[in-house]
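Hello,

Here is the structure I promised to pass on. Please open it first, then read my notes below.

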Amino acid sequence: MRTPLVMGNWKLNGTKESVTALVKALLEPAAANSGVETAVCAPVIFIGMVEELTKGSALKYGSEDVDVHVSGAYTGENSPAMLREFGCTYAIVGHSERRAYHNETDAVVAAKFRAAQDAGLIPVLCIGESLEQFEAGQTTEVCATQLKAVIDACGIASFSKAVIAYEPIWAIGTGKTATPEIAQNVHAGIRKLLAEYDPAVAEGVRILYGGSCNAKTAYDLFRQPDIDGGLVGGASLKAPDFQVIIESASKTL
Ligand code: PGA
């Protein structure tokens, strides 16, 4: 039985005031819904604040990206060791916005996945197809290529300490959530691919759905056998909505 994971991805949003209010509002439900693991991924500048605010609570947190280097002359970057020192559990790697706006290739994403794991962070590997690829029926192939790049570089065993997020690009921030059937199909395909390498790893890894996952759509998505929770952007910025999403995961237990 995989523990559901509901993770917020705040992206480039927040102020000291809004972050404080949001985290405070999430502390109680995060502790109360004991069967669901809850986490928020924050802009790095807020991570120290999130560390203070979440002390002693069950709410976990992480970064939205991570550098491949441990230290050195890499102006502007944040190393996995630094994130770990500030108590991060997770680091998102390969988000489609990083792949698109920062030219992150599969090789770069695999290097980030490895660097995060080497520092003791749990990488959350995002994969997913564009609208053109979806319409051309290339979803399985695109996800397999993105996944295999990491399996080849880091080994299948590395997925026993990682999370995968299937995020169809056409669903991100568009309000067009993938139907539970579409998402379940892709998730089952991802698990099947992993099982060809190692059935036990495939069975244990959590595969989150992301892309306009919201208070209305979450429950039907999370009920699917291969959907183990969500990576939530827009709806994670509003405490009441995020709480409904957490509750949706807890109802599936
Ligand atoms: P969204 O973003 O929920 O706003 O669609 C999800 C994500 O990009 O992780």
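Ser63 sits in strand S3, which covers residues 60–63. Bear in mind that this is a predicted model. Ser63 is buried, because its relative accessible area is 0% and buried means under 20%. Who surrounds Ser63? Apart from neighbours within four places in sequence, Ser63 is in contact with Cys41, Ala42, Ile47, Leu83, Cys88, Tyr90, Ala91 and Ile92.

Next, the nonpolar cores. In soluble globular proteins, nonpolar side chains tend to be buried together. Here the largest nonpolar core holds 64 residues. Phe159 and Leu194 have the most contacts inside it. Helix H7, residues 139–154, gives the most to this core: six residues.

Leu194 deserves a look on your screen. Setting aside neighbours within four places in sequence, Leu194 is in contact with Leu147, Ile151, Ile156, Phe159, Ile164, Ala202 and Val205. There is also a second, separate core, with 12 residues. Leu5, Ala39, Tyr90 and Leu231 are among them. Tyr90 is also one of the contacts of Ser63.

Last, Ala157. Ala157 lies in the loop between H7 and strand S6 (163–166). Is Ala157 buried or exposed? Ala157 is exposed, because its relative accessible area is 53% and the cut-off for exposed is over 50%. How far is Ala157 from Ala200? In sequence, Ala157 and Ala200 are 43 residues apart. In space, they are 9.6 Å apart, C-alpha to C-alpha.

Best wishes

Key: Residues numbered from 1 in each chain as written. Predicted model: local features only at pLDDT ≥ 70, side-chain atom pairs only at ≥ 80, totals over all residues. Heavy atoms only, no water. Helix = DSSP H or I, 4+ residues; strand = E, 2+ residues; numbered from the N terminus. Buried < 20%, exposed > 50% of the residue type's maximum accessible area, 1.4 Å probe, protein only. Contact = heavy atoms within 4.5 Å. Core = buried A, V, L, I, M, F, W, Y, C linked by side-chain atoms within 4.5 Å.
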